[in-house]
Number of protein chains: 2
Amino acid sequence: MALTGQSFLGGQRGALGGAPIQAINPATGERLDPVYASVSAAEADHAVQLAAQAFPVYAATSGKAKGALLRGIAAGLDAIQPQLAERAHLETALPLPRLLGEVSRTTGQLRLFASLVEEGSWVEARIDPALPERKPLARPGLRSMLRPLGPVVVFGASNFPLAFSAAGGDTASALAAGCPVIIKAHSAHPGTSELVATAIQQAVADAGLPEGVFSLIYGSGVETGGALVRHPLVQAVTFTGSLSAGRTLMDMAAARPRPIPCFTEMSSGNPVFILPGALKSGTDAVAQGLFNSFTLGAGQFCTKPGIVLIPEQPETAAFLAKLSELVDQAQPFTLLTPAIARDYARDSSRRATQAAVAAHAPAGDATPACPARAQIFATDLDEFLRTPELAEEIFGPDTLLVRCESPAEYLRAAHALDGHLTATLLGSEEDLAAHRELIAILAEKAGRLIFNGFPTGVEVSHAMVHGGPYPATADARFTSVGTRSIHRFARPVCFQNFPDPLVPAELQAANPLGILRLVDGVPSREPVSL
Amino acid sequence: MALTGQSFLGGQRGALGGAPIQAINPATGERLDPVYASVSAAEADHAVQLAAQAFPVYAATSGKAKGALLRGIAAGLDAIQPQLAERAHLETALPLPRLLGEVSRTTGQLRLFASLVEEGSWVEARIDPALPERKPLARPGLRSMLRPLGPVVVFGASNFPLAFSAAGGDTASALAAGCPVIIKAHSAHPGTSELVATAIQQAVADAGLPEGVFSLIYGSGVETGGALVRHPLVQAVTFTGSLSAGRTLMDMAAARPRPIPCFTEMSSGNPVFILPGALKSGTDAVAQGLFNSFTLGAGQFCTKPGIVLIPEQPETAAFLAKLSELVDQAQPFTLLTPAIARDYARDSSRRATQAAVAAHAPAGDATPACPARAQIFATDLDEFLRTPELAEEIFGPDTLLVRCESPAEYLRAAHALDGHLTATLLGSEEDLAAHRELIAILAEKAGRLIFNGFPTGVEVSHAMVHGGPYPATADARFTSVGTRSIHRFARPVCFQNFPDPLVPAELQAANPLGILRLVDGVPSREPVSL
C-alpha cells in the first residue's frame, strides 16, 4: 500500500499542499516520506459536517451492524499487520515485537467492543411499565436506554501509535457507542495513521455505512485540533497526552457556547508503595520488576511508576544497589520524538537540582537521534512533601525514589498525593492487611490499585479502569480503557407512553434482542407485558 | 419545632448575626420570621472540612446502613409533614395539597434510593478473574466497582422547596452514593430548609454516622455558593435554577485548579409538537391539558411546555379559542419570589414586542404580592426561527404558540432546537408512525420524549431521565431524577491482584451481598472461584 500524505474526509481524500507534516525516525533522525498535508479549515469543517450527516443513520445502526464494522476494521488491520508494525517502528523506534503485539491489542479491543455491542445489554435499557390504576396519580410507561452523543473528535496519542491512535480504544469505543469519529492524527506517526485509516475507510464502505462515520485529518494540534474542539457540531473529545495540552483542550471545551465532555488522560506518577515483606522476600526481583516497568516503552507509558516509596529496613541497601546496577548497565533508550527527547533532558536536569541522582545509565556508544538515559532520582519524604514539582510526571525512563523511615509515614505521603491512574502496593498479604487505611486513601487518589504487580500493562477487559482523579484525567467518573469506556459517548434518553413499535428494539416489550434490562428495577431478559 | 435561623454545621448549629436572610410570603409580601444568618467564610469552610473528614467513614458505610439513614430522614419528614407543608406554603405560596404531595414525593425518593443501595447492585461490580496461563501474557485478576466521589455541594432550588431542596433528589442520590453533602439552602424558603435539616441532622446522629455527612448553610448564592464551588475539598456540585446562574457555576467548576463535575439543570422550553390527530380527536381536551401543564405550579416547573408547535388545520381555530378562553378566565397566579415576579413581568413585556399576545388573563380583584397573569404568545415558524430569543425560557405561566403550515415544517423546527429536558408529541399512533424522522431528531435534542401526555410531572423511578443537552443541563450523560441519578456521584475503582479479604464486600469471591455482577462480561449473582 503506497502512502500519499492526504487526510481522509469521509470516503474521499484531502488535498495536497497544506502546511507540511513529516515524521522523523527517532533512531536515525531521518525524515520519512511522504510529506503529509495539513488540512485547510474548510476541510476540517467538511469532516465534521460529514460526521454530523452520518450521525442519524449511524446512531440508528444495529449493534450487529456496528459489530460488523468493528470486525471489518480489525480484519483490515490483521491483513497489513507486518507493514503496519514496520512503519510504526520507523516512526516511533518502538521495538517491532512490541508493535506487532500492539496491533494484536488494537484488533483485540476492536473485537471486544464488537462483542459488547453485538450482545447489546450495554445500553442499560430500563422499563417501568405504566401503572394506570396507581393512586393518587397514574404512572405513565417509561422506557429509557443509552443513545450515542454525536460526532466525537479523537486525538491520536504519540506513545501508542496503534492502540491509542487512529483505530485505538477511543475510536473503537466511540464507534461502538454509535458516534462518528474524526481523528486528529498525531503528527509523529502520520504514516501509521494513514495505513490504519485506509483500513477503516474501506471497512466503512464495505459495511455500507455513511462515509462520514470516519475521517482522519492531519494538522497542528493547536490550530486544527482547536478548531475541531470548538466546532459546534462536535459533541465530545478524547485526548491522551500532556497535562498542559490536555488542560488547554478541557478549558476550550468548557468555554464553548455549548460545553461538551472532553475526556483527557494526562499526567500520572503512578506511585508505588513498597511494604516490608516485598524486600524481605527478595530484593532483586523487586528491583528488576520496577526497572522493567519504569523503562518499558522507554518510560513513555501513562502508567509508568514515577514515584516509589521505600521503607528503611535491613534489605533496603541491597534493593537500591540492585536497582542502581540495572540502571548503570542500561543501554540508551530512543524516545518517540525530538520534542519528547528535549523535554526529557530538560525535565531531568531540573529534577537533578531538586533531588539526588541515585543512578544514571551511561551514554553508550551509538546514541540515537532522540536519546534518553535511564535514571533514578532519590529524595526523602519531607523534601518530597515540601517540593510539589517532585511529584510531576517526567515522560521518559526515570523514576523518583522517596525514602521513608517506615511505612507508617506512607499515610502522610498518600494524603498529599494528587490524582493518579494507578497506585501500587508491593508486599506480603500480611503487609497489605496491616495497611487498610492506606488502601482507602489510595482508592480516593487513583483509578486502579495494584497489589504485587507493576502498573504498566493495562488489560483491555470489562473490569479495567484506566482513569483517575485530576490531573490523571479530566473526569474520574470514566475510563478510557475497557468496555466501561463506551459510557463516555452515550447519554440516556427516555420514551414516555410511546407505542411499542416506535421505540428502539432494545426497549420493545418482546425484547427481540434478548438483552438484559431493568424492569421496574429488576434485571431481566424476559419479555415485558405492557 | 421552633425555628432559630442558624445554619447546620455537622452536628452543631451556626452562629447568629451574619448577613440577614429573610423569607417573604409571596402572597402577602410580609416578611417571615425568623431572620436567617448567613454563614461566615470560616463556617462554610468548616462545613466542607467536616464533610471531608466524614467521607472515608461514610464511603465505607454499607448499603444497608446508608439505607437506614435515608429511611431515617424520610421518617423524620413524615413526622413533621403538616408543619413542613405549612411553612413551605407560607414561604412559596404553592398550594398546600401540592406541598403535602411534595413531602410524600420527597420521602418516596429517599426510600427509593434506600432500596437501591440496600439491594446494592447499583455499584456495577465487575470481576475478570486472573488467567495465569494465558499466552503471551498472563491476565491479572481485576475487580472494579463504583465508589463515591467525595463531598458534594447541593444548591437548593426555589421551585421545589422539598423535592429539589435540602432533602431532595440531589441530596438523596448523593447520600445514597456515599457522598457527604453540604446544602446551600435557597434563600426563598429558609424555614422549610431548617425543618428538613433538623430531621436530617437527627437522622445522621441516630444512625451513628460522622456529623460531617450533612451540613446546611445559609448565605448568598454568589458569595457563599461560589466559595463552596471553589473549595478544594468539594468534589461535585448540583444546581437547579436559571441558565445564567447555572452557567456561572459551570464555568467556576471548570476553572478550578482541579475541575469538578458540576451538574446544573437550567433552562428548557420543553417543545410540544401537535400532530393532526390530536386536534381531530377533540380540541378541548388538548387545550385543557396544555393549559394545566403550562400553568402548573404557576408555570414554575423545569418541564413547563414553553414552546408549542401547532399545525394549520380545520380544528386549529377551535383549539385556539378554547385555549384563549382558559387563559382569559384564569385567576392571577402567585410566583415564588419578588425577583421571579419582576423577571416574569420584564420577560413577558419583552416577548410582547417580539410575538403577538394571543391571550392574557385579567388582573383580577385581589392581586398577590408576587403576581403573574397567565398568557399565551403566538408567532409563526419563520419568525420563530429568525428570533432566537423566542426560544428562551420565561419562568412563569406563559407559553409560546408557533403556528406552522403543516407538520411537514416540524422537521425544520426540530433541527433548530437547542437542548431541552423534554419534547412532546401529541396525536394518533398513525401520526406518530408517520413522523419517525421527527422522533429521531427530538431524541438528539431532549432527555425525555413524551407521547400523548404533558411534560410536567416527573416520575421518580428507574427509567426516568430528567436531563438533556445543554442548555437544559450541563451534561446530558446524566439525569437528576430517578435512580440513574446516583451515577453523577460515583467513579469506578479497580483492584488488581488483590487478596479476596481486602476488597470491598461487593467484589469478594463469595458475593456475600448477593448483588448482580459482571463476571468476565456475563451478568451473574453466583460466587466466583478465583
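Modeller: Welcome! Two residues are in contact if their C-beta atoms, placed from the backbone, lie within 7 Å. This is a predicted model, where local features need pLDDT of at least 70, side-chain atom pairs count only at pLDDT 80 or more, and totals for chains, interfaces and linings use all residues. Residues are numbered from 1 along each chain as its sequence is written, while chains are lettered from A and ligands numbered from 1 in the order in which they are written.

Biologist: How many residues does the contact take from chain B?

Modeller: The contact draws on both chains, with 57 residues coming from chain A. Chain B gives 57 residues.

Biologist: Which element gives the most to the side of chain B that touches chain A?

Modeller: Helices and strands here are DSSP runs (H or I, at least four residues, for helices; E, at least two, for strands), numbered from the N terminus. Elements of chain B that each supply at least two residues include α8 (243-255), α16 (436-445) and β21 (490-496). With six residues, the one that gives the most is β21(B).

Biologist: In β21(B), what is the bridge partner of A:Leu449?

Modeller: Two strands pair if DSSP finds at least two bridges between them. Strand β20 (residues 446-451) of chain A and β21(B) are joined by three bridges and run parallel. The partner of A:Leu449 is B:Phe495.

Biologist: Is α2(A) parallel or oblique to α6(A)?

Modeller: Axes are lines fitted to C-alpha atoms, for helices over the stretch in contact, and angles run from 0 to 180 degrees between N-to-C directions. The axes of α2 (residues 63-79) and α6 (residues 190-206) of chain A come within 8 Å and cross at roughly 140°. Angles under 35 degrees count as roughly parallel, over 145 as roughly antiparallel, 65 to 115 as roughly perpendicular and the rest as oblique. That makes α2(A) oblique to α6(A).
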